[in-house]
Amino acid sequence: MADSTPSTSEVLIVGAGPTGLMLANILGGYGYSVTVLEARDTLIDYPRGVGLDDESLRTIQSIGLVDQVRPHTTPQHIMRLVNGRGKSIIINNPQTDEFGWERKHGFIQPEVDRELCNGLSRFANVNVLFGHEVLDVEESASAVTAIARTTDAEGNQVETRFEAQYLVGCEGGKSPTRKRLGVSFEGESPSTRWLVVDVNNDPLGTPNVFLGADPERPYVSIGLPHAVRRWEFMLRDDETEEQATDPEFVNRMLASHVPDPSSLNYIRRRVFTHHARVAGSFRKGRQIIAGDAAHLMPVWMGQGWNSGMRDATNLGWKLATILSGQATDKLLDTFTDERRDHAKAMVDLSLTMGKVIKITNPLGVFARDTASSVLNLFPSVKSYFADMRFKPMPRYVKGVLADPSTKASGTANGKLTNKLIPFTTANTNISPVGVQFIQPKVRTDELGTVLLDEAVGKWWTLLVWGNDPVDVLPAETLAKLKDLGARLVAVVPETQYEWAKRDMHEETLVLADTAGRLKKWFDDRPTPMLLIRPDRFVAGACLNQDGPETIDAVLAAMNFHSSARSEQDPAPALAN
C-alpha cells in the first residue's frame, strides 16, 4: 500500500547516525524544516567510536548541547603506543586548547548520539522517523522525493513519499544514497581483521589508551567513560570469525590483561575489518552524502566520528544559506572542494598508524622500535607526537575563501606572499585563511567572561582588532555585511574596553581580550580584519584598507546575492 501524498520539508536526512543527527540540529536551530528517516527502529546502543576531539566539541557547543554531552566524555585522553615489552614508543598527550576545549576526549558514542537525538525535540520543525527504510529516490529540477517503507499499527507494509528541496545521505559506509548517485568510492579494505571486545565494570580502571604494537599479537586497550573498557586484538588469517567470538577464545585473548576474563561483564564481541575509502564526489544534483557515506577510515586516529561532525558543520551553514535565498545551490559544490581532501588526509594518516602498529616481522619490529628510541631523544620530535602536530588540521585552499595576498576569489594559498612591510616583518607567513579560528575567552559587561563563539553568535562575523569596523569600512561594504547578516565585532585589550564601549558605534560588539590570546594571534599575523564563516573558518583576512576588496571576493566565492529575509532578520541564528 502506498501513500501518494508526500510529506514535505526543506531537507531530508537519511540515517539517524551522528552525522545526520548533528546536521538536523544545525538546520533545526537555523529554523529550517527537516525530516530524518532511519531504517532501524532505535538508535544503535552499543559502543562504536571512542574518540571525540576539540573541533567536534566546538560544534556541539554551537548547537547548545555541550553540557549534555560532557558527562559522557573523558577529557585529555592520553594515547600511548607501546612495543611488545610494554615500553612507550610514542606518547600522544596534546595540551593545546586553541579551539576552546581539550584536544582529545574519550567518549561513549551511544550516549552522545542519544543526546544529539534528544536535542532535536527542541525544534518543532524537525521530525525523526524510525523504522523508515528508503527504497528509492526521485529527483526533479526543483525537488527530491524519497519513497520509504514502514510498518503501520496493523502490521501492514506501507510506502510513504517524503519531499524536500535537498536530501543528505548519512547512512554509513554501505550508503544506498552514494550508490544511487553512482559516485566512486576509492580506497582499500586491508585484509587484517580485528576482534573488538567491550565490557562494563572496567576491570583495569586506567583512564587512557594503549596501542600495543606487540609482534606476537597487536592489541588495543582503551579506558572509556562510564566504566567501559574496550580491547581490540588483531586476528591471524586462519582464525575464523566464529572462533574469534567464541567465549573461550576471547578469554584466552584477555588472559594476559586481567586475572579472570570469564567473570567480565561483556557488552559485545565482534570481528571487523578496517576500511579506507573516500567518495569521488560528495554531491550530485539535489542529493548529498556525508559522514561514513562519503568516507570510511580505519580507527587508529579515532577520526571517523569527528570527520562526520566536520561534514555536518561545513554543510549545515551552506544549506541554510541556500534555503535563506542568499546563494544558489552552486554553493554546495564547495562541500566536496573543502571536505574531500582533508577526509582523505585523515584516512591516509589512519592507515599509516595502523601499519606501524601491525608490524609482526622481527626485523621490522626492531627497526621501528630502534628508530622510535632515537627520535624520542629529540625534544622537538617528541613534542611533535605528544602535541598531535602530525594530525592534519583542515585547511581549505578552494571554496568560500579569498586569498589574503592576491584577493583572488574562491582560492587561498597557504602562504602570505604580499610584499608590504607588515607582511615581510610578520612573525609567520602562514595564511590564516582556510583554517579554523581560535576560540579563547573574552569578556563583555552583559555576558561576563565566555568563549568567543558564545559572544559573537552562530552566523558570519567580521572581527577587527583594535578598531571599530564601522570606522574603517565604507558604507557600501557595511551594507553588504548587513545583508549577509554578519556581526560586526571589535576586539580590544581589557584595559581599553571601557573606552571602546563608549566611543565605538552602537552596532559594534566590543569584546575584551581577557587573557591576551587574541592579541598574540594578531601580533603574529598582519591581518587585523577577519571575515569568519559560520563554521568558524576564516574566509578572508586582510589589512583594514583591503577590507572592501576582500569581502567582495568572499561574497563572490559563495555566489552571494541579496537575501529574501527581512531587514530585521537578515540571517538565521542558532537557538541556544
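This report walks through a predicted model of one protein chain, from its overall make-up to a few individual residues.

**The chain as a whole**

The protein chain has 576 residues, and 57% of them count as buried. Its secondary structure comes to 18 helices and 32 strands. Among contacts with a separation of 6 or more, 70% link residues 24 or more positions apart. The accessible surface is about 23400 Å², and carbon and sulfur atoms contribute 51% of that area.

**An open sheet and a helix across it**

Six strands make up an open sheet with mixed pairing, in the order E9-E3-E2-E13-E22-E21. Its edges are E9 and strand E21 (283-284), each of which pairs on one side only. Within the sheet, strand E13 (residues 166-169) and strand E22 (residues 287-289) run parallel and are joined by three bridges. Here Val168 stands opposite Ile288 of E22. Helix H8 (residues 304-324) lies across strand E2 (11-14), E13 and E22, and it runs at about 170 degrees to E13.

**Helix H1**

H1 is mostly covered, with 13 of its 13 residues buried. Just after the helix comes Gly31, which takes a positive phi of about 100 degrees.

**Two residues around strand E9**

Now for a closer look at Asn127 and His132. Asn127 is found in strand E9, while His132 belongs to the loop between strand E9 (126-130) and strand E10 (133-139). Are these two residues buried or exposed? The table gives their values.

| Residue | Relative accessible area | Class |
|---|---|---|
| His132 | 12% | buried |
| Asn127 | 39% | partly exposed |

His132 counts as buried because its 12% falls under the 20% limit. Asn127, at 39%, lies between the 20% and 50% limits, so it is partly exposed.

What does His132 touch? Not counting residues up to four places away in sequence, its contacts are Leu37, Glu38, Ala39, Ala148, Arg149, Thr150 and Phe162. A polar atom of the His132 side chain also lies 2.9 Å from the backbone oxygen of Phe130.

Asn127, with neighbours within four places in sequence left aside, is in contact with Val34, Thr35 and Val36. Asn127 and Leu12 are 115 residues apart in sequence, and their C-alpha atoms are 9.8 Å apart in space.

Notes
Residues are numbered from 1 along each chain as its sequence is written. This is a predicted model: local features need pLDDT of at least 70, side-chain atom pairs count only at pLDDT 80 or more; totals for chains, interfaces and linings use all residues. Side-chain values use heavy atoms; hydrogens and water are left out. Helices (H or I, at least four residues) and strands (E, at least two) are DSSP runs, numbered from the N terminus. Buried means under 20% relative accessible area, exposed over 50%, partly exposed in between (1.4 Å probe, protein chains only). A polar contact is a pair of N or O atoms within 3.5 Å; within protein, one must be able to donate a hydrogen and the other to accept it, and residues adjacent in sequence count only if both atoms are side-chain atoms. Contact means heavy atoms within 4.5 Å. Accessible areas come from the Shrake-Rupley method with a 1.4 Å probe; for residues, only the protein chains shown count as cover. Two strands pair if DSSP finds at least two bridges between them. Axes are lines fitted to C-alpha atoms, for helices over the stretch in contact, and angles run from 0 to 180 degrees between N-to-C directions.
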